[in-house]
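Please read the following note with the model open beside you.

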Amino acid sequence: MIAGGTAPDLRTSPIPADAQAFAQVVKNGALVPAGMPQFGEFSSDQIEALRQYIQARAEVLRSGRADSEIGSAHKTGE
Ligand code: HEM
């Protein structure tokens, strides 16, 4: 941890819905002055994979099944 503080819940952020905006923030460091670190070491493909994961988690939240995990269909014994 560099300076303490908190990070927003990205499932309720509009940024991950926009691939360019997401890359600007995460890869290019657009919000560094606001305390969001720059992750320039990730490739564009990795950034896009992260974005899609966050979008999938946002969909679970919107569905009202926020306690279910992605991939839980593969678990047995509910
Ligand atoms: C130590 C790790 C991290 C810290 C401390 C951190 C901190 C922050 C902070 C303080 C903000 C708010 C900036 C503002 O007020 O405008 C922010 C926004 C954001 N962060 Fe991070 N972050 C971290 C990791 C990450 C990672 C790993 C991702 C992506 C995978 C990410 C994606 C974003 C996005 C997309 C926003 C914009 C959200 C919005 O404005 O709605 N962050 N982060």
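1. Of the 78 residues of the protein, 6% count as buried, where buried means that 20 or more other C-beta atoms lie within 10 Å of the residue's own, exposed means 12 or fewer, and partly exposed lies in between, with C-beta atoms placed from the backbone. This is a predicted model, in which local features need pLDDT of at least 70 and side-chain atom pairs count only at pLDDT 80 or more, while totals for chains, interfaces and linings use all residues. Residues are numbered from 1 along each chain as its sequence is written.

2. The protein has 2 helices and 0 strands; helices (H or I, at least four residues) and strands (E, at least two) are DSSP runs, numbered from the N terminus. Taking contacts between residues at least 6 apart in sequence, 41% join residues at least 24 apart, a contact being a pair whose C-beta atoms, placed from the backbone, lie within 7 Å.

3. In H1, Phe22, Val25 and Val26 are buried. These residues lie on the same side of H1, because they cover an arc of only 85 degrees around the axis, the arc being that of the directions from the helix axis to the C-beta atoms. As background, an α-helix has 3.6 residues a turn, so residues three or four places apart point the same way. Helix H2 (44-62) is included in what covers the buried residues of H1.

4. The length of H2 can be checked: at 1.5 Å a residue its 19 residues should span 27 Å, and its end C-alpha atoms are 27 Å apart, which agrees; the expected span is 1.5 Å times one less than the number of residues. Just after H2, Gly64 takes a positive phi of about 85 degrees.

5. Ser44 and Ala23 are 21 residues apart in sequence, and their C-alpha atoms are 7.7 Å apart in space.

6. The ligand is surrounded by 16 residues, the closest being Ala7, Ser13, Ala34, Gly35 and Met36; a residue is near a molecule if its C-beta atom, placed from the backbone, lies within 6 Å of it. The largest share of this shell, 3 residues, comes from H1. By class, the shell has 13 nonpolar, 3 polar and no charged residues, where Ala, Val, Leu, Ile, Met, Phe, Trp, Tyr, Cys and Pro count as nonpolar, Asp, Glu, Lys and Arg as charged, and the others, Gly among them, as polar.

Notes:
Two residues are in contact if their C-beta atoms, placed from the backbone, lie within 7 Å.
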